[in-house]
Structure formats: C-alpha cells, structure tokens
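Subject: Structure for you to look at

Hi,

Here is the structure I promised to pass on. Please open it first, then read my notes below.

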Amino acid sequence: HNSEVSVGLQPVLKGEYLNKAKIAEGGKKLRKNWTLTWVVLSSNQLLFYKESKQEAVSNLKPGGKPDGVDLNGAVIEWTTEKSSRKNVIQITTPTGHEFLLQADHFPTISKWHDAIKKAVDILSSG
Ligand code: I3P
C-alpha cells in the first residue's frame, strides 16, 4: 500500500514494489536483470531499496542504503521496444543511465509515470 504526501508543491510517491532493470550506465549497455525493488520518489530523486522499511524492520536489519537516480534533466517515457513486458516506462538520465520500471497492473505504473514526470517537470521549471 502506498501513500501520496505533499512536500511543498512536490508530490512524493513512496513505497511500492516495482520491477526494475538498469539497462545502461554512462551510455554503456548493460545486461538486463529484472529485480523486484522497493521504489520511493522524492522531489528530485528516485530511490531504489531492496525491501520496504517494514520488511527491513521485521527482518531485524537496517534498511540499507538505497541506490538513487537524480531526476534533474531526466527523460521519462513509455516504451514498447525495450522489453517484451507490458506496462514499461523508461527513465534516461543526462549522464546516460537508463532504467526500466514495470508493473503488471497498469494503473500502478501509470501513477508512477505521471508522478515521476511531474517531479522532472517541476525540477526543470525551478
Ligand atoms: C533476458 C531476460 C529478460 C529479457 C531480455 C533477455 O535474458 O529474458 O527477461 O527482457 O530480453 O535478454 P537473460 O536472462 O539470458 O539475460 P524482457 O523480460 O524485458 O523482455 P532483451 O534482451 O530483449 O532485453
């Protein structure tokens, strides 16, 4: 279950498991490896955690440091070419990192697409 909170004018989506694959780093293509990842959106970053905070707590271990993607100048788009899966969005950073996010439930990924796009738009207008 996820919740939307408002930080200033910026919508922040937090706490949902999505399938994630990093497909390029610094412009260099990577071997695709889909992993179920706990995704959190802050005003300027997308954060990838191995597991939700609740699970980290119940596993009696610290949540661990997330991977973060800086959304400044990022491009977010739907893609049907980068995967055989349905409901895939692609995030490309100015530094040439490329990520795919996917969920079987269309409204889930659609909500993330819109929220990430909004965050990118707010950053570029600021
Ligand atoms: C990849 C794996 C991925 C698939 C990818 C394959 O094989 O099957 O699930 O991506 O297709 O290469 P492997 O495990 O041997 O690396 P999708 O599920 O997104 O289609 P791709 O090479 O066309 O990206």
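A residue counts as buried under 20% relative accessible area, as exposed over 50%, and as partly exposed in between. With 40% relative accessibility, Glu25 is therefore partly exposed. Please keep in mind that this is a predicted model.

**Overall layout**

The protein has two helices and ten strands. Along the sequence, the order is β-β-β-β-β-β-α-β-β-β-β-α. There are 126 residues in the protein, and 43% of them are buried. The exposed surface comes to about 7,500 Å². Carbon and sulfur atoms supply 52% of that surface. I also looked at contacts between residues at least 6 apart in sequence. Of these, 46% join residues at least 24 apart.

**Salt bridges**

Side chains of opposite charge can pair when their charged atoms come close. How many salt bridges does the protein have? The count is four.

Lys22 is partly exposed, at 24% relative accessible area.

Glu16 and Lys111 form another salt bridge, at 3.1 Å from N to O. Which parts of the chain does this pair tie together? Glu16 sits in strand β3, residues 16-25. Lys111 belongs to helix α2, residues 106-125. The pair therefore ties together parts that are 95 residues apart in sequence. Is Glu16 buried or exposed? Glu16 has 15% relative accessibility, so it counts as buried. Lys111 is partly exposed, with a relative accessible area of 25%.

Lys82 and Glu98 form a salt bridge too, and their closest N and O atoms are 3.6 Å apart. This pair links distant parts of the chain, 16 residues apart. Lys82 is in the loop between β8 (75-78) and β9 (88-92), while Glu98 is in strand β10 (residues 98-102). Lys82 has 34% relative accessibility and counts as partly exposed.

**Tyr17**

Tyr17 is also in strand β3. At 29% relative accessibility, this residue is partly exposed. Tyr17 and Trp38 are 21 residues apart in sequence, yet their C-alpha atoms are 4.4 Å apart in space. Beyond its neighbours within four places in sequence, Tyr17 is in contact with several residues, including Leu36, Thr37, Lys50 and Glu51. What does the side chain of Tyr17 reach at 3.0 Å? That is the backbone nitrogen of Ser52. The side chains of Tyr17 and Glu55 are joined by a polar contact of 2.2 Å.

**The ligand**

Which residues surround the ligand? They are Arg31, Lys32, Trp34, Ser83, Ser84 and Arg85. By class, this shell has one nonpolar, two polar and three charged residues.

Here are the polar distances to oxygen atoms of the ligand:

- Ser83: a side-chain N or O atom is 2.5 Å from an oxygen atom of the ligand.
- Trp34: a polar side-chain atom lies 2.9 Å from an oxygen atom of the ligand.
- Arg85: a polar side-chain atom lies 3.4 Å from an oxygen atom of the ligand.

On its own, the ligand has 510 Å² of accessible area, and the protein covers 46% of that.

Best wishes

Key
Residues numbered from 1 in each chain as written. Predicted model: local features only at pLDDT ≥ 70, side-chain atom pairs only at ≥ 80, totals over all residues. Heavy atoms only, no water. Near = heavy atom within 4 Å. Polar contact = N/O pair within 3.5 Å; in protein donor to acceptor, adjacent residues only side chain to side chain. Areas by Shrake-Rupley, 256 points an atom, 1.4 Å probe, with all protein chains shown as cover. Nonpolar A, V, L, I, M, F, W, Y, C, P; charged D, E, K, R; others polar. Salt bridge = Lys/Arg side-chain N within 4 Å of Asp/Glu carboxyl O. Helix = DSSP H or I, 4+ residues; strand = E, 2+ residues; numbered from the N terminus. Buried < 20%, exposed > 50% of the residue type's maximum accessible area, 1.4 Å probe, protein only. Contact = heavy atoms within 4.5 Å.
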